[in-house]
Amino acid sequence: MKYLKVLPAIIAFLFVSGFTECYKPVTNSGLPKNIKTVAVPAFQFEAKGMRYRVESRFTEAVTREIIRRGNGIKVQGTRTGADAVVEGTIRDFSFSGVLLDREGRARVYEVTIIGSVTIRDLKQNTILYDNQNFVFRDSFEFSEDPRSFFNEEDPSVERMARAFAESVVSAVVNGIGVNEEKK
């Protein structure tokens, strides 16, 4: 009985202190309600030099992430019939040694990829989201033993593509910047 007297005070305290604002379930995307189909065409590659399939890895990662977290939003590769489009560009790709071993050889490398992404509402002809400076870095280490050499650059690019896709889709799903339409 003593606890029943305290319970209303605890509930009142929770509402007054703002604990009810802490939990906000994500029930739908931050995209406008009219957007049911999103096109994700192949990302462009503007960086100097050739890198094998970097732009297609990023495109695939964004597509998979929208399918996984998009709450039923359909994803396609072409703009035809889509309500919105996700346009991406790999603007820069750099690869450099950041730590040397005892013999002066680079042992730890850092990969930096700078990308941009724009989400356009094709029906309203407005930009819903735009970030021209997504910077992602990852590092990897070469083995000292040349017999066990394995090029870690590709797995590093895969990890960065997943992180990039998670960031883009989080911005869309959580509505960060999406609900503030740009002209």
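Guide: pLDDT is the predictor's confidence in each residue, on a scale from 0 to 100. This is a predicted model, in which local features need pLDDT of at least 70 and side-chain atom pairs count only at pLDDT 80 or more, while totals for chains, interfaces and linings use all residues. Residues are numbered from 1 along each chain as its sequence is written.

Visitor: What pLDDT does the protein average, and which elements have the lowest and the highest mean?

Guide: The protein averages 79, and 79% of the residues score at least 70. Among its elements (DSSP runs numbered from the N terminus, helices being H or I of at least four residues and strands E of at least two), helix α1, residues 2–17, has the lowest mean pLDDT at 65, whereas strand β1, residues 37–39, has the highest at 92.

Visitor: How are two packed helices described?

Guide: They are described by the angle between their axes and the distance between the axes.

Visitor: Which residues make the contact between α2 and α3?

Guide: With contact meaning heavy atoms within 4.5 Å, those of α2 include Phe58, Val62 and Ile66, and those of α3 include Val157, Ala161 and Phe164.

Visitor: Where does Arg91 lie, and what does Arg91 touch?

Guide: Arg91 lies in strand β4, residues 84–100, and, not counting residues up to four places away in sequence, touches Glu46, Ala47, Ile114, Gly115, Ser116, Gln132 and Asn133. Arg91 and Glu46 are 45 residues apart in sequence but 4.9 Å apart in space, C-alpha to C-alpha.

Terms used:
Heavy atoms only, no water.
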